Amino acid sequence: MTGVSVLSTLATIAVCVTLLALLMVFLLAAYRFNLKRHPYTDCRRCKGTGARRSRLFAHSFGYCPDCNGRGLKLRAGVRLLNIR
Ligand SMILES: [Zn+2]
């Protein structure tokens, strides 16, 4: 009796692990596809404007050094997984 129970428990665990692995692969593929479609995000430092104002001189204007005035930055996943 206990032998069958242990086998069925192992089978259940194997099925769960396989399903979890398949789910992870699917989610990773979906994330990669999404990164390929939308590789850029708003620059955090200038909030996507590309401009930077001085705190001291209110009318001074400069381009954001982080994004070079584009207002866009590559997403972390693009840099991490090297997707272009
Ligand atoms: Zn910026």
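Entry 1, the overall order. I read along the sequence and found that the protein chain follows the pattern α-β-β-β-β-α, and I note at once that this is a predicted model. I then listed the elements, and the protein chain has two helices and four strands.

I looked up the box that the C-alpha atoms fill along the principal axes, and for the protein chain it is roughly 85 × 25 × 15 Å. I also looked up the radius of gyration, which is 24 Å for the protein chain, whereas a compact globule of 84 residues would have a value near 12 Å. When I turned to burial, I found that 6% of the 84 residues of the protein chain count as buried. For the contacts with a separation of 6 or more, I wrote down that 47% are between residues 24 or more positions apart.

The domain assignment gives domain 1 as residues 1-37 and domain 2 as residues 40-84. I looked up the distance between the C-alpha centres of domain 1 and domain 2, and it is 40 Å. I then asked myself how many residues of each domain are in contact with the other. Four residues of domain 1 are in contact with five residues of domain 2, and on the side of domain 1 that touches domain 2 I counted two nonpolar residues, two charged residues and no polar ones.

I located Met24 in helix H1, which covers residues 2-37. Is Met24 buried or exposed? Met24 counts as exposed because it has 10 C-beta neighbours inside 10 Å, and the cut-off for exposed is 12 or fewer. I also followed the chain from Met24 to His38, which are 14 residues apart in sequence, and their C-alpha atoms are 21 Å apart in space.

I looked up Asn68 and found a positive phi of about 55°, although Asn68 is not a glycine. Asn68 sits in the loop between strand E3 (61-63) and strand E4 (72-74), and it counts as exposed because it has 12 C-beta neighbours inside 10 Å. I next looked up Asn82, where phi is also positive, near 55°, in a residue other than glycine. Where is Asn82 found? Asn82 lies in the segment after helix H2, which covers residues 76-81, and I noted Asn82 as exposed because 7 other C-beta atoms are within 10 Å.

Technical notes:
Residues numbered from 1 in each chain as written. Predicted model: local features only at pLDDT ≥ 70, side-chain atom pairs only at ≥ 80, totals over all residues. Buried ≥ 20, exposed ≤ 12 C-beta atoms within 10 Å, placed from the backbone. Domains from an automatic or database assignment. Contact = placed C-beta atoms within 7 Å. Nonpolar A, V, L, I, M, F, W, Y, C, P; charged D, E, K, R; others polar. Rg over C-alpha atoms; globule rule 2.2 N^0.38 Å.
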